Amino acid sequence: MTVLGFTAVVAIVSFAAGLLGSLTGLGGGVVLVPLLTILFHVDIRYAIGASLVSVIATSSGAAAAYVKEGFSNIRIGMFLEIATTFGALLGAFLATRIPTSALAVIFGAVLLYSAYLSRKPRPLDQRNLPPDPLATKLRLNGSFPDLEGKRDYNVQHVPTGFSLMLGAGALSGLLGIGSGAVKVLAMDQAMRIPFKVSTTTSNFMIGVTAAASAGVYLSRGYVDPGLAMPVMLGVLGGSLVGTRILVKAETKSLRLVFSVVILVLGLQMLYKGLWGKI
Amino acid sequence: MSPLRVPARPPEPFQPQPWRDRRLELILGNLLRAGVLLSAAVVFAGACIYLARHAHEPANYRIFRGEPTDYRTIPGVIHSVMNGRGRGLIQLGLLLLIATPIARVSFSVVGFAIERDRMYVIFTLIVLAILLFSLLGSGMGG
């Protein structure tokens, strides 16, 4: 394939990934690396570098729209970013040391878990939880606009959430993804942050987390301009369009399609990794 | 509460002040969007130059070679931009993209300092230190 054809096809696929990722809330980064490696036979290290860059773009690009809605909690974000950036730095250094087949296996496992998670109904927001002393001390509790006006929430299990976010950061740095799946575990299930708040806050955090490992990737030569360009522009365009129509779209069947795609890609990555085809 | 009335001072000890937080978040959100659009524009400009020159060459990313120094360090990227290289311009756009969340974190330090929230000034400085270490400590300074 020529550079022009390759650029065009990768841009289109990236646009679709960004669009579906933002419509379903599952993130586009998670399908990009397997698509690039399986369909386009891109070396997984180049794929991870390009994906990581696109993750920063979508996170920062959507931030303005999310902030306007008034759901995100800047203190929760900043506090947990200590964990995610530290984890991301570790993950990025680790990624340069472990074999690519191991990367593919870990990637496959994360994809399978994401597919499983996307089929599970999200945990119901629990209301009127008692304030947790540590969360109160860290000023993590907040409120957000709701149908009935303002709704207050109290954050729970801070140490568990913080440790899980370390893991989320490490996976992000290792695989060049946003780690939405681990975030759900940490923020929604452990810390009991209301869904809207956790989604918008984690979107804010993802860019900072990815920036922490991007330096390592760039300096190690994982970020190829010819590949990162169509990926970044495509994903950014797709996700911006996605956030525009998100409010109206019926995402249930889309989520089903997208989680099947994730499942298939996950199996492929596991197979390729385990049989050393990568 | 009447919107015309001046809100009462928040009670001590410290309580997060929602409207101030919100204003800060709005500024940060717009900053992020501006940074992303700027970097996308630079990447796009670089893409035009790159594609105009290399459109018909074969594309091959099967084998990992690692990027040359010109595309891996800040001085290298600047050098290749000066030489009018499209790929250098793309990397410059990507560097701007990486800088955007770092700028956001830096502004948050100021924001928390204005709110006199010492604990979060420290938290934010820790995050900033990790980010700068990643960017400069990993050899990208050149």
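Helices (H or I, at least four residues) and strands (E, at least two) are DSSP runs, numbered from the N terminus. The structure is a predicted model, in which local features need pLDDT of at least 70 and side-chain atom pairs count only at pLDDT 80 or more, while totals for chains, interfaces and linings use all residues. Residues are numbered from 1 along each chain as its sequence is written, and chains are lettered from A and ligands numbered from 1 in the order in which they are written.

Asp70(B) sits in the loop between H1 and helix H2 (74-82) of chain B, and because 19 other C-beta atoms lie within 10 Å, Asp70(B) is partly exposed. Leaving aside residues up to four places away in sequence, Asp70(B) touches Gly76(B), Val77(B), His79(B), Ser80(B) and Gly88(B). The C-alpha atom of Asp70(B) is separated by 24 Å from that of Leu37(B), and these two residues are 33 residues apart along the chain.

We can now turn to where the chains meet. On one side are 58 residues of chain B, in contact with 55 residues of chain A. Helix H1 (18-54), helix H3 (86-114) and helix H4 (118-140) of chain B are the elements that give two or more residues to the side touching chain A, and H1(B) gives the most, with 20 residues. If Ala, Val, Leu, Ile, Met, Phe, Trp, Tyr, Cys and Pro count as nonpolar, Asp, Glu, Lys and Arg as charged, and the others, Gly among them, as polar, this side of chain B divides into 34 nonpolar, 15 polar and nine charged residues.

Within chain A, helix H5 (residues 100-119) and helix H7 (residues 158-175) pack at an angle of about 130 degrees, with their axes 11 Å apart; axes are lines fitted to C-alpha atoms, for helices over the stretch in contact, and angles run from 0 to 180 degrees between N-to-C directions. Angles under 35 degrees count as roughly parallel, over 145 as roughly antiparallel, 65 to 115 as roughly perpendicular and the rest as oblique, and therefore H5(A) and H7(A) are oblique to each other. Leu103(A), Ile106(A), Phe107(A) and Val110(A) in H5(A) meet Leu171(A), Leu174(A) and Leu175(A) in H7(A), a contact of seven nonpolar, no polar and no charged residues.

Chain A also contains strands, which pair if DSSP finds at least two bridges between them. Strand S1 (residues 142-146) and strand S2 (residues 149-153) of chain A run antiparallel and are joined by five bridges, and a hairpin links S1(A) to S2(A) through two residues. Asp146(A) has Gly149(A) in S2(A) as its bridge partner.

Technical notes. Contact = placed C-beta atoms within 7 Å. Buried ≥ 20, exposed ≤ 12 C-beta atoms within 10 Å, placed from the backbone.
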